[in-house]
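Hi,

Here is the structure I promised to pass on to you. Please have a look, and below it you will find my notes.

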Amino acid sequence: MQNPPGQEPETALSVTPPKRWAAGVPAVVHALEYSLEQTSAGKTGVDLLAMNQVGGIDCPGCAWADPAPGRRHRNEYCENGAKHINDEATTRRITADFFREHSVSDLAARSDMWLNQQGRLTEPVIKRPGSGHYEPIGWNDALGVLAQELNGLDSSDEAVFYTSGRASNEAAFVFQLFARALGTNNLPDCSNMCHESSGFALNETLGVGKGTVSLDDLHHADLIFLVGQNPGSNHPRQLSALEVAKRNGGRIVAVNPLPEAGLRRFKNPQKPRGIVGRGTQIADRFLHIKPGGDLALFQALNRLLLESEDARPGTVLDHDFINAHTSGFEDFARHARTVDWGDVHAATGLTRREIEKVRDEVLGSERVVVCWAMGITQHKHGVPTIREIVNFLMLRGNLGRAGTGACPVRGHSNVQGDRTMGIWEQMPDTFLDALQKEFGFDPPRLHGLDSVNSIKAMLEGRVKVFLALAGNFVRAAPDSAVTEKAMSSCRLTAHISTKLNRSHTVCGDTALILPTLGRTEHDVQADGEQFVTVENSMSEVHTSRGRLEPASRMLLSEVAILCRLARLTVDGVGDIPWARFEGDYGTIRDSISRIVPGFHDFNARVTRPGGFQLPNPVNEGVFRTETGKARFTCNERVVPQAPRGHLLLQTLRSHDQWNTVPYTDNDRYRGIHGSRQVVLVNPADLSELGLAQGDRVDLVSVWEDGTERRVENFQVVPYPAAKGSAAAYYPETNVLVPLDSVADMSNQPTSKGIVVRLEPAGGRSRPAPL
């Protein structure tokens with residue numbers, strides 16, 4: 001049970017063996033317990049029965065695709081989705097009395113969980129220069145303060161506009177339009193920190209920055225790779241799709257440094273066998289790989305496939321596909337044949353025989369899908385790893401056919417849709433030209449700032465205003481102390497939010513919190529009740545319509561907030577109908593239909609049951625790359641290594657967590673209860689380091705330039721992590737990642753493969769030898 005909202009929970013670590021299966025009856029029980037702690041049984045029922053249904057509420061959590069209309073279960077949600085939607089529907093409220101009682105410094109000392117548990121924000125508040133408290137402010141005055149600051153900038157590039165994947169298509173489109181009408185492309189977003197490496201690699205090799213698969217492709221694949229992802233906690237409804245694939249005869253290879261419960265067995269609570277039976281085995285083969293070894297694994301597989309073709313010419317590779325649709329094969333093949341097995345073993349921890357068995361699985365499969373998540377993208381070599389995965393898929397023509405393809409599994413509900421709507425600092429000229437034609441102004445062409453570069457610009461005084469559309473920027477970003485210093489250096493920070501989070505406690509000279517409607521709530525504007533739309537991970541666009549009464553009569557929708565702000569700042573720029581946009585979201589969709597490819601007849605098509613599927617050029621044999629074909633690449637070999645006395649750390653989410661917000665201090669599937677200040681380490685490594693369960697240590701990250709970062713007083717937990725590695729939760733360990741530690745090419749922060757040493761807590765032992 002939760003502690004009362006005014007108290008911090010008391011924590012005491014207890015450890016039980018990791019679970020060997022995911023979901024089942026416990027998932028239902030935990031979801032209902034949390035939901036009923038937050039809101040009434042009636043609201044819980046309304047939310048859950050409408051969740052992910054045709055005409056209902058799109059889950060505000062992950063971006064996993066829904067089954068086709070007619071194939072959806074009456075309870076089409078997972079444990080974490082149920083928790084998240086009722087976390088938003090909570091009956092707890094934050095009022096002016098709360099901010100009178102709690103100063104900003106008091107709030108800054110509270111935990112992420114405590115801040116979230118205080119409930120829904122109910123009215124706009126402002127922290128004025130020199131004040132230590134937020135205080136109420138009317139909407140007109142709040143937006144006036146923000147507009148005055150924006151209008152007073154020497155350059156529009158002194159403002160940054162950040163977006164979280166929670167925002168709808170309509171809000172995201174209006175947000176980017178406002179920023180560009182103001183004159184800047186400074187549009188960082190959460191994609192910069194989660195799947196930027198995917199977009200970069202896929203654009204370079206395939207000409208489209210999105211995945212190429214549908215649910216039907218997964219259902220009918222012969223072989224599915226799950227690489228660097230934990231579907232049991234981060235996108236649990238994927239397990240239902242994998243269960244269908246297994247029932248259809250598909251096989252699954254899981255590749256991960258940790259053996260997660262969801263990768264082992266799934267007890268689907270929607271099916272009788274998930275309640276009383278053993279459920280479904282998910283992974284037929286588990287590769288216990290070292291962090292960052294995935295690039296070497298796919299390079300090894302590609303060498304083995306080439307050698308298999310040598311042994312049986314014309315029977316292994318898809319030469320028709322390679323010759324007709326790809327470029328660069330010969331250079332790639334020469335490079336692939338130089339793969340060194342010693343390097344592969346050092347990088348992966350896997351034997352050649354283990355990898356050859358996977359090769360045999362591939363040779364026995366006509367249709368292959370590779371899924372991946374942040375266990376791949378958040379490495380320094382994330383882009384080359386994904387390019388090597390594309391090489392692997394192309395060798396046997398596993399692109400553009402039913403049951404095949406590349407599947408980056410995105411974590412936030414509309415993160416892909418936001419990018420489609422123009423939330424990117426590097427949108428192409430074709431999009432900007434279409435904006436100019438539609439609205440009669442010339443958008444800025446100079447590329448703007450991404451998340452990392454926005455932080456640097458704030459630190460250097462080049463950015464004065466930070467406006468966030470949802471999200472929790474200071475906890476999602478790396479190098480926590482530096483990020484907070486950057487944020488607090490602004491003249492004004494403003495956040496459009498539903499609930500309190502850490503970012504609200506890191507204030508500029510002036511700070512605004514602008515409370516907004518949640519996705520669960522009715523949205524009534526001048527022209528009547530509105531709906532919004534989202535795009536899931538598989539490029540399907542559909543509606544979301546709230547069912548609950550707003551948490552406060554003082555709330556405005558995201559669209560309304562942005563349109564009113566625009567009228568105070570850029571009303572004379574071009575011919576943009578801000579008032580009509582606010583009153584009728586259908587007019588926003590009409591403009592989108594004329595600007596964004598694939599959205600023709602947007603209003604008509606999206607209201608059909610299930611919405612519509614955006615076209616994917618790859619599946620039509622079109623590759624919009626520099627060569628006009630899919631591109632084979634040669635990727636430098638990388639062997640991640642921790643020096644003697646050190647480990648490779650990956651940061652990850654607990655099961656009971658949504659993005660940066662923990663719901664409890666438990667991680668049920670991993671057997672961690674009562675604390676998040678833990679580090680999971682292979683027992684053999686603990687023995688070598690002279691440590692035991694419960695020992696308290698500081699985690700110290702070590703970087704090539706000699707800098708170090710430290711988090712203190714973590715408890716050691718023996719866990720079957722890959723030998724030489726460790727794991728700890730984020731955002732608590734974001735402090736260990738310097739701002740300059742980014743993925744090559746994509747500039748995505750690297751929260752995986754961090755070299756750390758463990759020191760006795762409270763002491764300062766001499767560094768282990770490098």
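Asp601 counts as exposed because its relative accessibility is 53%, where exposed means over 50% relative accessible area, buried under 20% and partly exposed in between, with a 1.4 Å probe and protein chains only. Asp601 sits in the loop between α30 (585-595) and α31 (602-606); helices here are DSSP runs of H or I with at least four residues, strands are runs of E with at least two, and both are numbered from the N terminus. The phi of Asp601 is near 50°, a positive value in a residue other than glycine.

Before you read on, please note that this is a predicted model, in which local features need pLDDT of at least 70 and side-chain atom pairs count only at pLDDT 80 or more, while totals for chains, interfaces and linings use all residues. Residues are numbered from 1 along each chain as its sequence is written, and side-chain values use heavy atoms, with hydrogens and water left out.

For context, most residues other than glycine have a negative phi, and most peptide bonds are trans.

β29 runs parallel to strand β31 (residues 708-718), and four bridges join them; strands pair if DSSP finds at least two bridges between them. With strand β32 (residues 725-729), β29 pairs in the antiparallel sense over three bridges. Val681 takes part on both sides: Pro718 stands opposite Val681 in β31, and Ala726 is its bridge partner in β32.

The largest nonpolar core has 66 residues, of which Leu146, Leu150, Phe161 and Trp578 touch the most other members. Helix α8 (residues 169-182) provides the largest share of this core, 10 residues. Apart from this core lies another, of 51 residues, which include Val253, Trp341, Val344 and Met394. By nonpolar core I mean a set of buried Ala, Val, Leu, Ile, Met, Phe, Trp, Tyr and Cys residues joined through side-chain atoms within 4.5 Å. Leu146 touches Val465, Leu467, Leu492, Ala494, Leu512, Leu514 and Leu565, leaving out residues up to four places away in sequence; contact means heavy atoms within 4.5 Å.

Helix α3 (residues 79-88) is mostly covered, with 10 of its 10 residues buried. Among them are Glu79, Lys83, His84, Asp87 and Glu88. The elements that cover the buried residues of α3 include α1 (25-38), α2 (41-50), α6 (112-117), β4 (120-121), α12 (231-234) and β26 (657-658).

What about His235, buried or exposed? His235 counts as buried because its relative accessibility is 3%. Its place is in the loop between α12 and α13 (238-247). Beyond its neighbours within four places in sequence, His235 is in contact with Cys62, Gln229, Asn230, Ala373 and Val409. His235 and Gly61 are 174 residues apart in sequence, yet 8.6 Å apart in space, C-alpha to C-alpha.

Finally, the open space. The largest pocket holds about 1,300 Å³, and of its 39 lining residues Asn203, Gly207, Val208, Gly209 and Pro428 are the closest to its centre. α10 (196-206), α23 (415-420) and α24 (429-439) each supply at least two lining residues, and α10 gives the most, with five. A pocket is an open set of points on a 1 Å grid over the protein atoms alone, with protein on both sides within 12 Å along at least five of seven lines; a cavity is a set of points where a 1.4 Å probe fits but cannot get out, and lining residues have an atom within 4 Å of a point. Grid points are joined across faces, edges and corners, and a volume is the space filled by probe spheres set on the points. There are eight cavities of 30 Å³ or more in the whole structure.

Best wishes
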